[in-house]
Amino acid sequence: MRLVIPAYAKINLTLDVLGTRPDGYHNLRMVMQSVNLCDRLAIETGTGTEEISLRCNVPGIPCDERNLVHRAIVAFYEATGVTPDGISVAIEKRIPAAAGLAGGSTDAAAVIRGLDRIYNTRLTSEELRAIGLKIGADVPFCISGGTKLAEGVGEVLSPLPSMPDCILVLVKPEFSMSTPYVFKALDAMTIDHRPNADAMAAALEKQDLAGVSQELYNVMELVTASEHPEIDAIKAELIAHGALGAVMSGSGPTVFGIFRDTAAAHAAYAALLPQYEGVFLCRPKGENGPEDMELAQ
Ligand code: C5P
């Protein structure tokens with residue numbers, strides 16, 4: 001059986017770190033949004049061996065047990081009791097890795113959804129999210145996607161009204177951030193200003209793009225932007241090109257700007273493209289649905 005499935009990136013409209021937990025993780029409160037920048041996974045089962053075989057178009061991405069897709073396949077087999085009959089996954093990566101866009105987590109989520117479809121295990125979204133949580137805190141969100149308030153370590157999800165349509169310019173500078181490092185550095189800091197997720201939810205409810213843009217806020221900028229001046233420089237350049245608002249996503253380093261005006265977004269894209277490693281134009285994306293998958297016998 002062969003199935004092709006897209007894996008959408010996420011951005012954080014707000015991100016707040018509330019404190020540490022006994023397990024070393026942090027309680028979060030964040031508004032997460034899927035975007036239509038995506039990887040594509042071609043999954044083939046019944047390859048006749050017991051092996052999990054991964055390949056990826058981008059050099060430098062590990063294709064062994066370190067890859068979250070590998071771990072997600074093992075977790076799916078364990079949770080469902082499905083007998084492995086050989087699987088190969090070709091990952092076509094377009095989402096930059098270690099960028100704050102959940103690139104690895106969304107690939108893991110996509111393979112869990114894909115295997116549920118191939119093996120007709122008909123797991124509920126709760127069951128799919130529980131398998132995803134074993135792989136990483138962002139994976140449960142990536143299972144459903146859309147616009148969600150995420151709490152706990154990121155696994156307690158509440159639906160929010162969709163983000164109003166707009167154009168997003170995503171800019172990834174060359175450096176990468178280690179997420180555990182950012183959490184650790186933040187533990188030693190005083191957070192004076194925090195996002196207002198309720199005000200963000202109210203702006204989404206009103207479909208008020210200017211209000212959404214005004215409420216963008218990420219406490220992790222305290223660490224990443226203070227160590228890397230590019231973050232503020234990118235934000236300033238996006239605003240100078242007409243973005244209604246701009247903020248860093250996740251632990252970074254990707255920064256995105258929200259544009260109402262297509263021409264302004266394209267002008268920002270053209271100006272930033274020669275300066276930074278990755279620059280992308282995309283749009284907010286609604287919840288994942290079965291229609292995204294292409295299944296072939
Ligand atoms: O869950 P995931 O593997 O994506 O998280 C990466 C790292 O980020 C964790 O090992 C942990 O150090 C940190 N983290 C955290 N609190 C969260 C999510 C992640 O401390 N809620």
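**Entry 1: the model.** I'm working with a predicted model, so I treat every value below as computed from it.

Entry 2: I looked for the ligand and found it sitting in the largest pocket. Two elements each give two or more residues to the shell around it: β2 (26-45) and α5 (179-187). The biggest contribution comes from α5, with three residues.

**Entry 3: who is around it.** I listed the residues around the ligand; among them are Gly24, Leu28, Gly136, Ala137, Thr179, Pro180 and Phe183. Then I sorted the shell by class: six nonpolar residues, four polar ones and no charged ones.

Entry 4: Which atoms of the ligand pair up with histidine 26 and valine 153? For histidine 26, I found an N or O atom of the side chain 2.7 Å from an oxygen atom of the ligand. Tyrosine 25 also has a side-chain N or O atom by a ligand oxygen, at 3.5 Å.

**Entry 5: salt bridges.** I searched the whole structure and got 13 salt bridges. I picked one to look at, arginine 194 with aspartate 16, whose closest N and O atoms are 2.7 Å apart. Arginine 194 is in the loop between α5 and α6 (197-205) and aspartate 16 is in strand β1 (residues 2-20), so this pair ties together parts 178 residues apart in sequence.

Notes
Residues are numbered from 1 along each chain as its sequence is written. This is a predicted model: local features need pLDDT of at least 70, side-chain atom pairs count only at pLDDT 80 or more; totals for chains, interfaces and linings use all residues. Side-chain values use heavy atoms; hydrogens and water are left out. A residue is near a molecule or strand if one of its heavy atoms lies within 4 Å of it. A polar contact is a pair of N or O atoms within 3.5 Å; within protein, one must be able to donate a hydrogen and the other to accept it, and residues adjacent in sequence count only if both atoms are side-chain atoms. On a 1 Å grid over the protein atoms alone, a cavity is a set of points where a 1.4 Å probe fits but cannot get out, and a pocket is an open set with protein on both sides within 12 Å along at least five of seven lines; lining residues have an atom within 4 Å of a point. A molecule sits in a cavity or pocket if more than half of its atoms lie within 2 Å of its grid points. Helices (H or I, at least four residues) and strands (E, at least two) are DSSP runs, numbered from the N terminus. Ala, Val, Leu, Ile, Met, Phe, Trp, Tyr, Cys and Pro count as nonpolar, Asp, Glu, Lys and Arg as charged, and the others, Gly among them, as polar. A salt bridge is a side-chain nitrogen of Lys or Arg within 4 Å of a carboxyl oxygen of Asp or Glu.
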